[in-house]
Amino acid sequence: MNELLNHKNKSILDLCCGTGNQLKLLSKNGFKNLHCLDLSTSMLKIANKGDYPINIYNEDATKTSFENESFDIAIISFAIHEKTKTTQEKFIKEAHRLINEDGFILVVDYAFDNKTPEIVKKGIDIIERLAGREHYNNFKSYIQNNGLANLMNKNKFKLLKHHKRLFNGVTISRYKKDKALL
């Protein structure tokens, strides 16, 4: 939320929103133009609970029904690492299509580097293994392919800033469309 405080009047789309908790938090803090989508109807049932002014859509994040440049901001939180490489690329390409020229994407996901302690890597590895074989295999592939950095560089984005959290195992990254590549 701290990354978005100066953007309360912007249109925000949470891709693969799950239970919608992020947008519920934003709503409680004065954000107004909130949208989220997910493929899971059971997650969206939870997202629909409560009285929040959030537009909720049951859609595939790799191919949405929205028009080009429909949003100022797209949020993707812990959703990329669990997908296949092909789906990751489609997902990021769709996010690129959805944000306007002056918009940005805020991504929260795993990012290991030489500053990430082995104990943190092992702990996250165990958590991801518990999510199931396919999920775990996608996570391992994501980490081996240099995760977000590799994926975003291939998809016409410029890193504006990032913050490492969870003992350097997670990054909160803000990306803008790279106008030189448009």
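Select F66 to begin: at 13% relative accessibility, this residue counts as buried (under 20% relative accessible area; exposed is over 50% and partly exposed in between, with a 1.4 Å probe and protein chains only). The model is predicted: local features need pLDDT of at least 70 and side-chain atom pairs pLDDT 80 or more, while totals for chains, interfaces and linings use all residues. Residues are numbered from 1 along each chain as its sequence is written, and side-chain values use heavy atoms, with hydrogens and water left out.

Rings of Phe, Tyr and Trp (its six-membered ring) pair if their centres lie within 6.5 Å; planes under 30 degrees apart are stacked, over 60 edge-to-face, the rest tilted. F71 is buried, with a relative accessible area of 3%.

By this rule there are eight aromatic pairs. Y57 has 24% relative accessibility and counts as partly exposed.

**A cluster and a charge**

Next, select F78, Y110, F112, Y136 and F139. They form one aromatic cluster.

Move to F104 and R174. The charged end of R174 sits over the F104 ring, 3.9 Å from its centre (the rule: NZ of Lys or CZ of Arg within 6 Å of the ring centre and within 35 degrees of the ring normal).

**Helices α4 and α5**

Show residues 118–130 as α4 and 133–144 as α5; their axes come within 7 Å and cross at roughly 145°. Helices (H or I, at least four residues) are DSSP runs, numbered from the N terminus. Axes are lines fitted to C-alpha atoms over the stretch in contact, with angles from 0 to 180 degrees between N-to-C directions.

From α4 come I124, D125, E128 and R129; from α5, H135, Y136, F139 and K140.

**Last stop: H135**

Which residues does H135 touch, not counting those up to four places away in sequence? They are H81, E82 and E128. H135 lies in helix α5 and is buried, at 18% relative accessible area. Its side chain and that of H81 are joined by a polar contact of 3.5 Å.

Definitions and conventions:
Helices (H or I, at least four residues) and strands (E, at least two) are DSSP runs, numbered from the N terminus. Contact means heavy atoms within 4.5 Å. A polar contact is a pair of N or O atoms within 3.5 Å; within protein, one must be able to donate a hydrogen and the other to accept it, and residues adjacent in sequence count only if both atoms are side-chain atoms.
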